[in-house]
Amino acid sequence: MISVESETGTATIPRKWPYPSSPAESMTGYDPHGGPERPPSYIVLPSFETHVSWPQGDTAIESPDSTVPSTSPRELSDHMASLCRTARYEHFEDGMESDFSRELTATICRYGHRAVEVLETLLFTGSLDDGVSSEALRWLGLIAHGPSCLARRRVLEGAIFSTSARMRHGATLGLSFLNDPHALQYLKRAADAEAREWLRRRMLQVIAHLEKGL
Amino acid sequence: MALALRAIRLERWDEEELLGAAWLPEQDIVADVLSDLHTRGGRLSVWHIEPDRSNLERVLVAFATGRDVLANVDYILFDESLLTTVGVQLEQENGESADETANREWHYNLTGVSGHRLAALARRMLERGEKGGLLKQELELRLARACRANEVDIAKLNRKMKQAVQGMLSSH
């Protein structure tokens, strides 16, 4: 379970996918591939934005853009789940927009890290189609929205340890789009553990690119 | 030996997924990969790559100019002689990228592509092809260079690509 502390209380999110929540956590020896056991309690997520909150119940989420109507956490969650479900029938190509990518981008630009957190839960519970998850991870890297950048990067850094090769690839590309050397420590660990040669080469390609930028 | 290039979504060409299914008939391939090989009227678009690969980067940039946004571009490269083994032919037809030279000189269609031949081609591409790709930032550099060299007609890019290219040209 993940615990999120906020002014409105503490919310817990089922955690079905082992991944390091923060660099600090990964530095403490937690191994997403079944290495040293981490304490079986809760992780307090760091604050990545001025306010990290997970409103309880149906408390309305204020949109960052006041012209956009507010929506409740349940509505946001339902909207994103429906968006991802419908996307199963779309065909995705690199560099091409889709109904899914346009709506995902619009939702994240409206609701910022809250939308990212909802997507994270959908991704980590393994309820989504692999192809949709991979596409979502690419767009987490492509979206130009500063306020949600850290939240998006954190999801991508976790997703490169997914059990799905497609998701690991989507996350690797997402991190390459973000172009942030912070991801290097995660990418290196993922590449060391990667069994698929084509994917390991892709990870090494991204690592080489990010190291060049240091 | 001349080569043919087809842009792909790399993760769809995972050998383990495509050839490893227990139910798969011998010499066949899981059909998911065919979504990277759209045909129209039995024709499949490919790019011709010179034996020394001197036009590889230019073709990748040309291909990318037809997209909505700048991202990675991944491809599979295979020997053109493989085409005769599956019974399809190469026919030159101008491409639709923003690079007129690439369109005219290196864009081809495979013709006579039936369902059976397409599956056979996909299997051989997977077995004998060479996969590769450029990351978004690598592509940006090459695209900026191509624009400066007037290889790419910026006016032919869509709005978002045009904005990205104009931003790149002012920063690179």
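**The interface of chain A and chain B**

Guide: Between them, chain A and chain B bury about 2500 Å², and 46% of this lies on carbon and sulfur atoms. On the side of chain A, Asp94(A), Arg166(A) and Trp198(A) lose the most area to chain B, and together these residues make up 25% of what that side buries. Please keep in mind that the model is a predicted one.

The contact draws on 27 residues from chain A and 26 residues from chain B. Charged groups take part in joining the two sides: eight salt bridges are found across the interface of chain A and chain B. One of the salt bridges links the side chains of Arg196(A) and Asp14(B), with 2.4 Å from N to O.

Let us now consider which elements of chain A form its side. Three helices, α4 (130–142), α6 (165–178) and α8 (197–212) of chain A, each supply at least two residues of the side that touches chain B. Of the elements of chain A, α6(A) gives the most to that side, with seven residues. By type, the residues of chain A that touch chain B divide into nine nonpolar, 10 polar and eight charged.

How values were computed. Residues are numbered from 1 along each chain as its sequence is written. Chains are lettered from A and ligands numbered from 1 in the order in which they are written. This is a predicted model: local features need pLDDT of at least 70, side-chain atom pairs count only at pLDDT 80 or more; totals for chains, interfaces and linings use all residues. Side-chain values use heavy atoms; hydrogens and water are left out. Contact means heavy atoms within 4.5 Å. Buried area is the accessible area (1.4 Å probe) that two parts lose on being put together, summed over both. A salt bridge is a side-chain nitrogen of Lys or Arg within 4 Å of a carboxyl oxygen of Asp or Glu. Helices (H or I, at least four residues) and strands (E, at least two) are DSSP runs, numbered from the N terminus. Ala, Val, Leu, Ile, Met, Phe, Trp, Tyr, Cys and Pro count as nonpolar, Asp, Glu, Lys and Arg as charged, and the others, Gly among them, as polar.
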